[in-house]
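The exercises below concern a predicted model. Work through each task before reading its solution.

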Amino acid sequence: MGSVSRLTPRKREALEGYLFISPWIIGFLVFTAGPILATLFISFTKWQVFGPPEWIGLANYARMIHDPLFYQSLKVTGFFTLLSLPLGLAMGLALALLLFQDVKGLSIFRTVFYTPSVVPEVATATLWIWIYNPEFGIFNYVLSKFGISGPEWLYSTEWILPALAIMGIWGAGSTMVIYLAGLQNIPRVYWEAATVDGASGWQKFWSITMPLLSPTTFFLFVTGLIGSLQTFTAGYIMGGGGGPLNASLFYTLYMYQQGWKWFNMGYASALSWTLSLIIFALTMLVIRASRARVNYDLI
Amino acid sequence: MRTVKKVMQYAILVLLALVFMMPFLWMISTSLKGGADDLFTYPPQIIPKSFHWENYRKVLSMYPWGVFLKNTSLITFISMFATLLSSAMVAFSFARLRFPGRDKIFFLVLSTMMVPYYTTLIPQYILFSKLGWVNTLKPLIVPNFFGAAFYIFLLRQHFMGIPPELDDSAKIDGASTMRIFGSIYLPLAKPALITIGILQFMSAWSDFIGPLIYLHSEKNYTLTLALNTFRGIHYTDWHYLMAGTMMVALPSLIFFFVGQNYIIGGITVSGIK
């Protein structure tokens, strides 16, 4: 009893402070810090999970340099990110701008655009396999109404990644909501003053809206980049495990196959450590490049 | 000019709303169709020739969905409760208690949000397999008892907005720190807790990679994992597949419609999806 209550109030508060954050500290050591170091260690070994790990030095990294599938998965992930990230941001911004102009029934439209983002990814993927069915799906039917004969989508090495990116636009509602919040933070007087000065809508967009939204865009870009580089479910389900002919072999999917299909935990760890470095480097690059371009006047 | 613009704007909005609703319509309509003769027609029929509501009953009897629902609910609700309680405790400490190194540790909490999910996956898997937890629900539940960085961040913000005078008067009345946390801070943070609860529901309910890695026998499957296997078995029976997809998506949709003000409000405040 006595010992804790005999402490000075300051010490007592500190002790309680540590006690209250102890769940996080334990979780951090066991589920984050420990594993980060362990991945690095495992990447220098050959390990099939059952049995002890065998130290093989840099052999996994050497193997990676000569592995065509490693390059293929980098290409798939990179191309998909280049395609889907700008598309998703543009769609989210467009929806937010449309809704920002004093729309009656704003909350109904907002709900409609946001709803697809709450559907579990597996359900979305299953639904879109059917939507993209080349013969009987609704997508190619709608295209045919415009005189376009649609491709084979998920069965085509060229079209599967664009197909996944288009599907991603359906989930642009979450980006829209964040852009909408960003727009609501901008004082209306900026636009009003520009209108008085005779600025056109286009000029207002490029000289007021975009610069003042740049912190939001920056945030969405960074989180979107980190998320997109870890795309898994779409390739796993819609490409039937990365197909056709590895055209949707996303990086994390290849890592999953190495780790859980063939139980090459050492090689999978080398892949995972490399991905972490790529993500870290790209994030730092974006933060650096954005410094001059992001406008923090409103914060 | 102004009215023309307004009309244009609404026309675009309505058109886009229809486009966004189209996949849902297609899913529901397909789920009510009769079979191959109904499914594989050209042009595709948005309104089914006749409504086969029994598809849903049939799908329910094809696969033990009840078991999957039980597993998913178990994971989802325990993880909701666990992450709320632990994140709130940690956040309270960062917001209100003074201890050496507090701000440095909080910075560490924030930086863990940058760690990619896949970085820690392999050692975690090996850890759980050494513990004999693979093919149980534990790896999907237990890590939630240790607080989640993003929720800690959100709740800390919220707790810092509560006037500190409130706990001063409670302290004078002799309330313990635990008591102040439980009877002042938790009740006042209710909106934030509800937002986080919904976010956690959505992410646990939709999780796929976790169950895929850890759950091997059918009796342990979650709904998302089961839907994927179900698709492998009935890969051309799109009426059944769409009925199954609908059932897996429905709880998330209901949760969203009921709590959408909390979700959209929470996202707006936090700026995170």
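**Exercise 1.** Which pattern does chain B follow when read along the sequence?

Solution. Start with the count of elements: chain B holds 14 helices and zero strands. Written in sequence order, the pattern of chain B is α-α-α-α-α-α-α-α-α-α-α-α-α-α.

**Exercise 2.** Decide whether chain B is a compact globule or more spread out.

Solution. Take the radius of gyration of chain B, which is 24 Å. Then take the value that the globule rule gives for 273 residues, 19 Å. The radius of gyration is well over that value, so chain B is more spread out than a compact globule. For the dimensions, the C-alpha trace of chain B spans about 75 × 70 × 35 Å along its principal axes.

**Exercise 3.** Describe the side of chain B that touches chain A.

Solution. First, the extent: 74 residues of chain B are in contact with 68 residues of chain A. Second, the elements: those of chain B that give two or more residues to this side include helix 1 (2-31), helix 4 (65-96) and helix 14 (238-270). Helix 14 of chain B supplies the largest share, 13 residues. Third, the composition: the residues on this side of chain B divide into 51 nonpolar, 19 polar and four charged.

Key:
Residues are numbered from 1 along each chain as its sequence is written. Chains are lettered from A and ligands numbered from 1 in the order in which they are written. This is a predicted model: local features need pLDDT of at least 70, side-chain atom pairs count only at pLDDT 80 or more; totals for chains, interfaces and linings use all residues. Two residues are in contact if their C-beta atoms, placed from the backbone, lie within 7 Å. Helices (H or I, at least four residues) and strands (E, at least two) are DSSP runs, numbered from the N terminus. Ala, Val, Leu, Ile, Met, Phe, Trp, Tyr, Cys and Pro count as nonpolar, Asp, Glu, Lys and Arg as charged, and the others, Gly among them, as polar. The radius of gyration is taken over C-alpha atoms; the globule rule is 2.2 Å times the number of residues to the power 0.38.
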